[in-house]
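Here are a few friendly notes to read alongside the model. Please keep the 3D view open and look up each part as you go.

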Amino acid sequence: MPNRRVFASLIFPCIVATAPLLATPTITVELAESLGSEPIDGRLIVIFATETDSEPRFQVGAGVDAPQIFGVDVEGAKGGDSITIDASVFGYPIDSLHDVPAGTYYAQALLHRYETFHRADGHVVKLPMDRGEGQQWRRAPGNHYSEPREVTFRPTETLDLLVDQTIPPIEPPADTEYIKHIQIESKLLSEFWGRPMHLGAHVLLPHGFDEHPDARYPLMVFHGHFPSNFGGFRTEPPDPDLEPDFSERFGVEGYNRIQQQEAYDFYQRWISRDFPRFIIIEIQHPTPYYDDSYAVNSENNGPYGDALTYELIPEIERRFRGIGEGWSRFLYGGSTGGWEAMAVQVLYPDDYNGAFVACPDPIDFRAFLLVDIYKDTHMYDRTGPFRTVEIPAHRNDLGDIDITMRDYNHMELVLGTKNRSGDQFDIWEAVYSPVGDDGYPKKLWNKMTGEIDHEVAEHWRENYDLVHIMKRDWAKLGPKLAGKLHIYCGDMDNYYLNNAVYLAEEFLEG
């Protein structure tokens, strides 16, 4: 990397009578003149990391090993401006810059750009528009950042960082013999957001598609996070020179080799003589809040459920000779995609003929991870007569707790106010909550303290609590869902998602 200097200037305390004023630690981020004079709205994020194996922006997360981050909203900034972060700015894991230990850190600043939307509901909001990356602030094209630098931080000094780099556009994937790519402009979403909005998909065509021009095919719809291309399909044998890596998530050595072998094995089955012929699609539907929309209509996100079911999918079936009937469409996905597959089947029961639901996000909000949003009063703590215990949010395969509810939410709050972090708890509110007076999602819980608003919880229950909706509407839904829901989950899910599945099982089997 080029060796640009990071300047540190000493702040000398003034003397009043005989008592010195304590110096206040400050980070000053300068926007390079090369960024231009066009006003920029967004969120400035500053990261202090202790590891140097990757850029600090790629190390941000919750938990015990989290790097230190601070964030401030920016409005109308231009090249040449300076932005200050002082001890009053909220941070994570340490709340204040004043309490960050003196030491040597790997530092970086990033400016996540927002766009102004004039929505059809009359609200004007500033949010990050997806730019082909799947709503990832760390690598969103057009975001500006500083080169990572080793810095020495002292509470009596001002640290200066220079933001002078810009993330380049992302090259879209090319079509192949089997995999095609489609993008459409959605009329429904464009009307809601007040600007052109697009939906996309990666389409896996059946073997022999071109040789049988009169054949029409069923459709498998994969739901999940934003896919950069169709995954798990490889026409070449595994790379014999691939260096095996270690998967922290699964605790497996050589997981990259396993992935390549599985992808190649799938291709071999796909082209085999007796394998059923159908189309598979992986859809792209990022919103200004997250890497996908949760595939349902929402007051804050807009009519994504209708746009996917009545605009994108029929257009894919038209272009690639799908059968185009509800009985010929099937849904599947895991985690976020599991919730989506089930929600789409429950909310559009006539338009799909089966959902294969793996480890879904909470499908019953009496088990919203470890919180009952209807009875509990607090999202972060469980309080007894003499003590309070933090509520976990994540555990590893041995049950060790590594992230709490407060951890994850405070990290999100630093990354973006008003549900603009692009992360998990913020998107749940953006999808499930009503619109607040300011045009942003109404809070189910206070992001700083964790208190739950039960009026908002009722809105969640009536519109997105899938088990409650099935119970409430079973006379109508029951006959339409018969044989269509197939739910799978381990008994020790990392995010405690199995707890809501138990409640669904109790209802469906009863």
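1. A helix has an expected span of 1.5 Å times one less than its number of residues. Helices (H or I, at least four residues) and strands (E, at least two) are DSSP runs, numbered from the N terminus. Helix H10 (residues 498-509) has twelve residues and should span 16 Å, which agrees with the 16 Å between its end C-alpha atoms.

2. A word on the source. This is a predicted model, in which local features need pLDDT of at least 70 and side-chain atom pairs count only at pLDDT 80 or more, while totals for chains, interfaces and linings use all residues. Residues are numbered from 1 along each chain as its sequence is written, and side-chain values use heavy atoms, with hydrogens and water left out.

3. Stay with H10 for a moment. Which of its residues are buried (under 20% relative accessible area, with a 1.4 Å probe and protein chains only)? They are Asn498, Ala500, Val501, Leu503, Ala504 and Phe507. Their cover includes strand E27 (392-395), helix H8 (466-472), helix H9 (474-481) and strand E29 (485-488), where contact means heavy atoms within 4.5 Å.

4. Now find strand E16 (residues 198-204). Six of its seven residues are buried, so E16 is largely enclosed by the rest of the structure. Two strands pair if DSSP finds at least two bridges between them. With strand E15 (residues 179-185), E16 pairs in the antiparallel sense over seven bridges; here Val203 of E16 stands opposite Lys180. E16 also runs antiparallel to strand E20 (residues 279-284), joined by five bridges, and His202 has Glu282 of E20 as its bridge partner.

5. Next, two packed helices. Helix H5 (residues 405-415) meets helix H6 (residues 424-432) at an angle of about 80 degrees, and their axes are 8 Å apart. Axes are lines fitted to C-alpha atoms, for helices over the stretch in contact, and angles run from 0 to 180 degrees between N-to-C directions. That makes H5 roughly perpendicular (65 to 115 degrees) to H6. H5 contributes Met405, Tyr408, Asn409 and Glu412 to the contact, and H6 contributes Gln424, Phe425 and Asp426.

6. Finally, look at the loop between H5 and H6, where Arg420 is found. Is Arg420 buried or exposed? Arg420 is buried, with a relative accessible area of 6%. Leaving aside neighbours within four places in sequence, its contacts include Asp73, Tyr114, Lys126 and Asp426. Pro128 is 292 residues away along the chain, yet the C-alpha atoms of Arg420 and Pro128 are separated by 7.6 Å.

Methods. Angles under 35 degrees count as roughly parallel, over 145 as roughly antiparallel, 65 to 115 as roughly perpendicular and the rest as oblique. Buried means under 20% relative accessible area, exposed over 50%, partly exposed in between (1.4 Å probe, protein chains only).
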